[in-house]
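I set out to record what could be looked up in this model, entry by entry. The notes follow the order in which I went through it.

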Amino acid sequence: MTRRQLDIPVPDLSGKVALVTGASDGVGLHLASRLAGAGAEVILPVRNPRKGDAAVARIKERHPGAVVSLRELDLSSLRSVAALSADLLDANRPIHFLINNAGVMTPPERQTTADGFELQFGTNYLGHFALVSQLLPLLRAGHARVTSQLSIAANSGAINWDDLNWEKSYNGMQAYSQSKIAFGLFALELDRRSTAEGWGISSNAAHPGVAATNLLQAQPAVGRAQATVGGRLIRALGSRGILFGTPETAMLPALYAATSPDARGGRFYGPGGFQHLAGAPAEQPLYSRLRSEDDARRIWDVSEELTRSARTV
């Protein structure tokens, strides 16, 4: 099977509701399109309405019968997360799939969210933690599959427990790794708590390997005026099927984790090729940073405290 032919089957999702964050472009857009093409009603919570409209148009162009709608969401604002959650809770429709895909990567200088958290920790992790926490009634009603998108960066670095917001010293890559490690610990702890409490939710984690997604491109909002050198190299090689993936193939592990009858909660999925950089999705051993249940409980408790405190300010 060539890189361009790489694909997986998706079961019929008619009658299901799917929520995909970060779906206005890149990997998230391909995920949303595949879910819509399989018959799911797809909700796209986006920060940029113009990009959201373009994403909906692209999905409907590919799948004319698709049912896709936009909602407003800025994961760097807990107020925005609460507003979206309230809107969905008012609608009272069970959610069957939630793919936590949105993220930001390595701002050159330290930035903070609307609530004062380091931007990557606050957006990539705490925003999603708050979203899942507030949508629990709908996720439980839909016996949902929750898939959280990690990164190979979760296989390096550590959680900076003494300075979660990187106020003493800032390293963009280390802060990015922390956000993805925390996200992975949370994804696995969610599955454990669901099992223990009978919530009926299945939670797992995935990573896309390495591909030239928008995370590596110019991001003026996070202080990056042009694509990274690494991003340009990855795009050039990935487009030729050499070593790295493309956004179309990089979305497959999360798609598999969310929809395959063979995917399970508490598991980790990624590309099965060389060094897990690209290839067909497959279950993978947990990264060492994700194995501590004590760390998972700790980050959950800290996250509850941080998000609760921010909402009361």
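I note that the model is a predicted one.

I then looked for the partner of Arg193 and found a salt bridge with Asp301, in which the closest N and O atoms are 3.9 Å apart. This pair links distant parts of the chain, with Arg193 in helix 6 and Asp301 in helix 10 (residues 293-312), 108 residues apart. Asp301 is partly exposed as well, at 43% relative accessibility.

How many salt bridges does the structure hold? I recorded ten.

I looked up Asp87, which forms one of them with Arg71; the closest N and O atoms of this pair are 3.1 Å apart. Asp87 belongs to helix 3 (residues 78-91) and Arg71 to strand 3 (residues 67-72), so the bridge ties together parts that are 16 residues apart in sequence. For Asp87 I noted a relative accessible area of 37%, which is partly exposed. Arg71 is also partly exposed, at 26%.

Helix 6 covers residues 172-197, which makes 26 residues. From its first C-alpha to its last it reaches 37 Å, close to the 38 Å expected at 1.5 Å a residue. Is this helix largely enclosed or left open by the rest of the structure? I found 19 of its 26 residues buried, so helix 6 is largely enclosed.

I then checked both ends. At the start of helix 6, a side-chain oxygen of Asn171 comes to within 3.1 Å of the backbone nitrogen of Met173. Just after the helix, Gly198 adopts a positive phi of about 70°.

In what order do the strands of the open sheet run? I read the order as 3-2-1-4-5-6-7-8, eight strands with mixed pairing. The edges are strand 3 and strand 8 (281-283); each has a single partner strand, so one side of each is left without a neighbour in the sheet. Direction ignored, neighbouring strands are turned by 20° against each other on average.

For background, I note that strands of a sheet pair through backbone hydrogen bonds, either parallel or antiparallel. Strand 7 (residues 268-271) pairs with strand 8 in the antiparallel sense over three bridges. In this pairing, Pro271 has Pro281 of strand 8 as its bridge partner. Strand 5 and strand 6, in contrast, pair in the parallel sense over five bridges. There I noted that Asn204 of strand 6 is the bridge partner of Thr147.

Helix 1 (residues 26-37) lies across strand 1 (17-20), strand 2 (41-46), strand 3, strand 4 (97-100) and strand 5 (145-149). It runs at about 175° to strand 1.

I looked up which way the side chains face. Ser202, Asn204 and Ala206 point one way from the strand, while Ser203 and Ala205 point the other way. Five of the five residues of strand 6 are buried, and the strand is mostly covered.

Where is Pro285 found? I located Pro285 in the loop between strand 8 and helix 10. With a relative accessible area of 63%, Pro285 is exposed. Its C-alpha atom is separated by 6.8 Å from that of Phe268, a residue 17 positions away along the chain.

How values were computed
Residues numbered from 1 in each chain as written. Predicted model: local features only at pLDDT ≥ 70, side-chain atom pairs only at ≥ 80, totals over all residues. Heavy atoms only, no water. Helix = DSSP H or I, 4+ residues; strand = E, 2+ residues; numbered from the N terminus. Expected span 1.5 Å × (residues − 1). Buried < 20%, exposed > 50% of the residue type's maximum accessible area, 1.4 Å probe, protein only. Polar contact = N/O pair within 3.5 Å; in protein donor to acceptor, adjacent residues only side chain to side chain. Salt bridge = Lys/Arg side-chain N within 4 Å of Asp/Glu carboxyl O. Pairing = 2+ DSSP bridges. Axes fitted to C-alpha atoms, helices over the stretch in contact; angles between N-to-C directions. Contact = heavy atoms within 4.5 Å.
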